[in-house]
Amino acid sequence: MAEDTHEQSRFTHLRAGAKARWQGAMQWYRAKWRDSRRFRIGNYIAAALLVGWFVLWVAVARTLPSADKLLTYQPPLPTMVRGMDGEIVSSYARERRVQLRFVDFPEPLINAYLAAEDKTFWTHGGIDYLGFAGAVVDYATKFGSGERAKGGSTITQQVAKNILIGDEYSVTRKLKEMILARRIEGVLTKQQILELYLNEIPLGRQSFGVQAASRAYFDKDVGDLALHEAAFLAILPKAPERYGRAKYEQTAIERRNWVLDQMVRNGWATAQQASAAKAMPLGLKPRRIENYTADAGYFLEEVRRRLIGRFGEKAENGPNSVYAGGLWVRTSLDTQLQTAAQNSLRAALLRYGGGRPWHGPIARIDLDDGNWQTQLITSNISINYQNWRTGVLLSRSGNTGRIGFSDGEEASLIGLPDKIRPGDITAAAPVNGSTWAVRTVPEVSGGMVVQDPQSGRVLAMQGGFDARLGSFNRATQANRQPGSTIKPFVYATALDNGMTPASMVVDGTFCVYQGAALGEKCFRNFGNEGGSGSHTMRWGLEQSRNLMTVRVANDVGMDKVVRTIKAVGIGDYQPYLSMALGAGDTTVIKMVNAYGALANQGRQHEPSLIDYVQDRNGKVIWRADGRRCEGCSMAQWDGKPMPRLKPTGRQVMDPRTAYQVVHMLEGVVVRGTAVVLRDLGLPLFGKTGTTSGPTNVWFVGGSPEIIAGVYIGYDQPRSLGGYAQGGRIAAPVFKQLVQETKGRWKDIPFRVPEGVRMVKVDRISGKRVFGGTPDNDVAKASIIWEAFKPDTEPKRTAREGEVSAKQAVIDALRRARAARGIPDVAEDEAPTEQDFLEEQGGIY
């Protein structure tokens, strides 16, 4: 009780003492306020600073982003695309950006930027107060004049501006810069700050960072820059679009030389080095478009579409967006096949279009605006064929005129068609140094796809004459009637329903009643040819006979035919007989993929252009082949069978049926409508196609390892002319592809699947033969090997002379039996022609 009283008394004493001290302090403050004018002014200043700081915190500092963000900052980076060999083939970028580490920047380049922008960088704490004071004076003198004040921002402040707060011109932004600069200096090292700055600073020509700018202005890496080139890059932050232009070259040289003087003053270069650098011209390279190893615009645009569909286009769509995520994409593009596909299709389009009149401009621009060059640049129209260029007709006088190109160059233009007018964009080729001549891009177009049937990987894609003339991809987006290239799948349906390649089909008039309104429809062969009697199904496919095809489709049932066509991914059609002749629409890539199933024994894969995608750190974030191989990476063998991956794809057709069709389609190349390919001397299969009109011509086919398909036709379908046929126009495109890539096509025959019997038959009648050997001249051979499923082989017939030989064998057997005392069999029990030698082991 006594202790509590003592503690209470102590607390009361302490409180009284504190109160007395507070009262004394207040008395002293009031006395000083009353007696000292200087004290009152100091208090006013302190209060103003306190209020100002509070206002600054509320208005500026409170809403600033955290400087800690820079520790994990991910700059927007372009997507880089590689071909199947790993070489970079393109990039998807709206800005030039290349990220380097601090150690990758050469010291002269660093010193050039410090001399130009922030010579006290290594010693200040984020703010150069002397430079800031100069900026305040400059701002005050220019206030209200509309001119922008210069100076005052350190490199750290520029990092804050470029990455965290933007480039708004205001006093508020400058205050934000200063606050953030202090914070950044507390979070990052000087080296980290300089690395961010040199990678992010905008330097003109759509370049961000010094490496991208070095490539844009000098076509060099930063490590290869000379001193005068490094000094030029250091002047760009102040006015990148000004100093990079030819008409301001002298101004740029003066500013560059000033930077060199500053480097000497700071001890970062010798006077001799600076003098030699000043004597050098700027040496800027003209603006250029990145040139990669493959001209594969249609293929790469299809890849871009698929990437955007999966990952998004812009940074706000996610961390792995196409234009900011810094992805690394491995594609299936084979640059050799791509170049050959482009050359082959272009050559065919030029052959067909050669001699035809100029059909109109590629596009038009308005010359009245006076900015034809800007309009031409923004049209994104160009061409990469031989030495052709695209330009706009500026003026015309008779058959000559003036043409302007996207780089501002003008030249004389000759060979003007009657219909061309000023403002028309056209192709032109040089005649001499100052004169160009009009060239006509073919109006007819087409698409081509090359694919690996064993994986579905698209190896090449050409969707027209040049992707720079327009992005419409005729290989994937143009729906066209496939014509007779659909017929193999009609015959495949027949083979699945009891028919064989040797089945006899009537090539004769075939009519169907379509109802009272439409009446009777009668089908005809190509060219309105009539029938020619009964032939084998093989012959009907080799010669592409329409009457035989619709008869087979009718007998089997069109509902079954369209199910087959749908199963292989060509299209979902109504069960009309005209669909058996290719009346339904489809695309080149679908047809190639369907033929890929034939070549791959009925197993089909989805067409793929992208093998896998990595993020900016190298982690695989998407893979086309999603299979996992359990046990493939064991440190030590566990004694169990070797792990094997499951097969990919879908079995869309009986392997035996697929082979039978391929075997018949080999005959199309050897004896049929694609005989133009025979002299290639390779095991090839394929089918031509020609649609009514004819409006489209096709060829699809290939080898066990490469399938290619092509169509040619007008974008607005119209007749190609009566002579146009798939074998004359489309098949030569495939032939040129093979000839340009001959080393890629192996002399390996198609593999026969289990359950197929190869039987000798008479090619004309389809009847089985005994004896004889198929002729090496397969084009004229009367006996051929034909593929049959078990128990579907035709009865064997004997050729003249073979019966006596067979009878001699039978007589010899009878004599041997008699010599051993075995009685002869009755006449009706004697071995028959159908089962005699088959019982001895089977001869096919």
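Does Gln158 count as buried or exposed, and at what relative accessibility? In this predicted model, Gln158 has a relative accessibility of 6%, and because buried means under 20%, Gln158 counts as buried.

**Surroundings of Gln158**

Gln158 belongs to helix H5, which spans residues 155-165. Its side chain and that of Glu117 are joined by a polar contact of 3.0 Å. When neighbours within four places in sequence are set aside, the residues in contact with Gln158 are Glu117, Ser153, Tyr197 and Ile201.

**Confidence of the model**

The protein has a mean pLDDT of 85, and 85% of its residues reach 70 or more. Among its elements, helix H20 (residues 588-599) has the highest mean pLDDT, 98, whereas strand E28 (residues 796-798) has the lowest, 52. Over residues 826-844 the pLDDT stays under 50, and for this stretch the model has 23 contacts beyond four places in sequence. Where pLDDT is low, predicted coordinates should not be read in detail.

**A five-stranded sheet**

Five strands form an open sheet in the order E2-E1-E5-E19-E20, and their pairing is mixed. Strand E2 (88-92) and strand E20 (620-623) stand at the edges; each has a single partner strand, so one side of each is left without a neighbour in the sheet. From one strand to the next, the twist averages 20 degrees.

Within this sheet, strand E1 (residues 79-82) and strand E5 (residues 328-331) run parallel and are joined by three bridges. Arg82 has Arg330 in E5 as its bridge partner. Helix H13 (residues 297-311) lies across E1, E2, E5, strand E19 (610-614) and E20, and runs at about 50 degrees to E2.

**Aromatic pairs**

The structure holds 16 aromatic pairs. Two of them are set out below.

| Ring pair | Distance between centres | Angle between planes | Arrangement |
|---|---|---|---|
| Tyr385 and Phe465 | 5.5 Å | 65 degrees | edge-to-face |
| Phe510 and Phe523 | 6.4 Å | 45 degrees | tilted |

Tyr385 lies in the loop between helix H15 (372-378) and strand E7 (389-397), and Phe465 in the loop between strand E13 (458-462) and helix H16 (487-496), so this pair ties together parts that are 80 residues apart in sequence. Tyr385 and Phe465 are both buried.

Phe510 is buried, and so is Phe523. Elsewhere, ring pairs link Phe489, Tyr595, Phe685 and Phe750 into a cluster.

**Helix H16 and its cover**

How many of the 10 residues of H16 are buried? Nine of them are, and the helix is mostly covered. The buried residues are Lys487, Pro488, Phe489, Val490, Tyr491, Ala492, Thr493, Ala494 and Leu495. One of these, Phe489, also takes part in the aromatic cluster with Tyr595, Phe685 and Phe750.

The elements that cover the buried residues of H16 include helix H17 (537-542), helix H18 (546-556), helix H19 (558-567), H20, helix H21 (655-670) and strand E22 (685-690). H20, part of this cover, is the element with the highest mean pLDDT in the protein. Just after H16, Gly498 adopts a positive phi of about 100 degrees.

Key:
Residues numbered from 1 in each chain as written. Heavy atoms only, no water. Pairing = 2+ DSSP bridges. Helix = DSSP H or I, 4+ residues; strand = E, 2+ residues; numbered from the N terminus. Axes fitted to C-alpha atoms, helices over the stretch in contact; angles between N-to-C directions. Contact = heavy atoms within 4.5 Å. Buried < 20%, exposed > 50% of the residue type's maximum accessible area, 1.4 Å probe, protein only. Polar contact = N/O pair within 3.5 Å; in protein donor to acceptor, adjacent residues only side chain to side chain. pLDDT = per-residue confidence, 0-100. Phe/Tyr/Trp six-rings, centres within 6.5 Å; stacked < 30°, edge-to-face > 60°.
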